Amino acid sequence: MAEGYFPKWRQQDTASGRVIAPDERLAWPQTVAMGVQHVVAMFGSTVLAPLLMGFDPNLAIFMSGIGTLLFFVLVGGRVPSYLGSSFAFIGLVISVTGYAGSGPNLNIPVALGGIIACGVLYAIIGLIVMAVGTRWIEALMPPVVTGAVVAVIGLNLAPVAVKGVSGTAFDTWMALATVLCVGLVAVLARGMVQRLLILVGLLLAYALYAVLTNGMGLGKPIDFAIVAHAAWFGLPHFAAPVFKPEAMVLLAPIAIILVAENLGHIKAVSAMTGQNLDRYMGRAFLGDGLATIVSGSVGGTGVTTYAENIGVMAVTKIYSTLVFAVAAVIALVLGFSPKFGAVIQTIPGPVLGGVSIVVFGLITVAGARIWVQNKVDFSDNRNLIVAAVTLVLGAGDFTLKFGSFSLGGIGCATFGAIILYALLRGREASAPAAM
């Protein structure tokens, strides 16, 4: 029987705790609940990245939904991924726009032209992979490289989460309480509640924070007035791109970082599901590239497949692609609701920071999982050096400057891993490195 473009999505019961494959689905109420959890998982980064660059967060949420649906169609609903704001753009966008770090970015149009250029290069790489296969990509980015790059994203984001919960002693303890809430749900809960650990943990921590602050006066209380005054429906703030060659030249190479991220994510999902998704690699690159082009065309950030959501899949063992289609639709609706934006603003920083600590940690572990699943040999000094240097470059946010050009920690780690592996490829280690 010929395989259709989209899978049939056979319904499965989650009671046994078995893995739900990409071409399977849950009952619709459970699918919607999982979609909400993936929206929660992607929310912190998808909103934080535009805030750091001066973009409109509501538009970023909306375009993440558009991008995820576009990706879903391009891969025929066979690769479970959510597309959200990429942190790889932050340093260079700030550089080309001269953004001061607070309020709206008045030079967003210049950045948008560069984001579109990056998307075009990314899409071209996708078309090449579709035509000739993935072997050349895998030669440049073997599991030791992709695992390191995925892990570095989590490590690079870690200081953002920790800094956000270090304002007061109460904030710090509340962040740890949030981590504990998520952890307790993950370990003690059963069935669907356990699989919704991020969402349920956040709600528990939110309620605890409200009791301690609004009820007992121990910290900054939650202000619900902004929710009452916000409109239910409203348009995000769209913007048109301006194409300046210097910005386009600076931002286009970010496509290499996005390729490494996407490659690592697909390899991780392949390992977790036991399904070889390599044949969809080119279509995944093309979908991600087109999503970045579309987002940049209307004022949104560059997008990438999200390791945050892969981390959630690793814990829940639910890989159904329909969950991501539902999450994308939810993001579209929320992007048109200032009321939703106001509700999100009421989530206390320590609670969101605590959840971010868990999610960013799951990203890091997803990178390590790539090494384990692909049996990366760390007795080979080449692999040892590549992984070691990459992790420190990314975690330490090592930055290289060439005049006005600045390459941040994730970029340095990505290019460093690729170049270092290529340079050391022909030289096999004769003995383990001294520890």
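Ile124 is partly exposed, at 42% relative accessibility. This residue lies in helix α4. The model is predicted. In it, Ile124 belongs to a nonpolar patch on the surface.

**Nonpolar surface patch**

- The patch is formed by Val120, Ile124, Ile128, Val132, Trp136 and Leu140.
- Together these residues have about 500 Å² of accessible area.
- Two elements give two or more residues to the patch: α4 (108–132) and α5 (135–140).
- Helix α4 gives the most, with four residues.

**Aromatic rings**

- A pair of aromatic rings is described by two things: the distance of the centres and the angle of the planes.
- The count of aromatic pairs comes to eight.
- One of the pairs is Tyr5 with Phe6, whose ring centres are 5.0 Å apart. Their planes stand at 85°, so this pair is edge-to-face. The cut-off for that label is an angle over 60 degrees.
- Both partners are partly exposed: Tyr5 has a relative accessible area of 44%, and Phe6 has 35%.
- Phe170 and Tyr209 have ring centres 5.7 Å apart. Their planes are at 55°, so the pair is tilted.
- Phe170 lies in helix α7 (residues 169–188), and Tyr209 lies in helix α9 (residues 197–215). The pair therefore ties together parts that are 39 residues apart in sequence.
- Phe170 counts as buried, at 18% relative accessibility. Tyr209 is buried too, with a relative accessible area of 4%.
- A charge meets a ring elsewhere: the charged end of Lys339 sits over the ring of Trp232. The distance to the ring centre is 4.9 Å.

**Cysteines**

- A search of the whole structure finds zero disulfides.
- A disulfide needs the two sulfur atoms within 2.5 Å.
- Cys412 is likewise in no disulfide, and the nearest cysteine sulfur to it is that of Cys118.
- Cys118 is buried, at 0% relative accessibility. Cys412 also counts as buried, at 5%.

**Positive phi in two loops**

- Most residues other than glycine have a negative phi.
- Lys317 is not a glycine, yet it has a positive phi of about 65°. Lys317 lies in the loop between α14 (307–316) and α15.
- Is Lys317 buried, partly exposed or exposed? At 37% relative accessibility, Lys317 counts as partly exposed.
- Lys375 has a positive phi as well, near 50°. Its place is in the loop between α17 (349–373) and α18 (381–395).
- Lys375 counts as exposed, at 71% relative accessibility.

**A residue in helix α15**

- Val326 lies in helix α15 (residues 321–335).
- Val326 counts as buried, because its relative accessibility is 15% and the cut-off for buried is under 20%.
- Val326 and Ile254 are 72 residues apart along the chain. Their C-alpha atoms are separated by 29 Å.

Note on methods. Residues numbered from 1 in each chain as written. Predicted model: local features only at pLDDT ≥ 70, side-chain atom pairs only at ≥ 80, totals over all residues. Heavy atoms only, no water. Phe/Tyr/Trp six-rings, centres within 6.5 Å; stacked < 30°, edge-to-face > 60°. Buried < 20%, exposed > 50% of the residue type's maximum accessible area, 1.4 Å probe, protein only. Lys NZ or Arg CZ within 6 Å of the ring centre and 35° of its normal. Patch = residues over 30% accessible without salt bridge, like charges linked within 9 Å, V, L, I, M, F, W, Y side chains within 5 Å. Areas by Shrake-Rupley, 256 points an atom, 1.4 Å probe, with all protein chains shown as cover. Salt bridge = Lys/Arg side-chain N within 4 Å of Asp/Glu carboxyl O.
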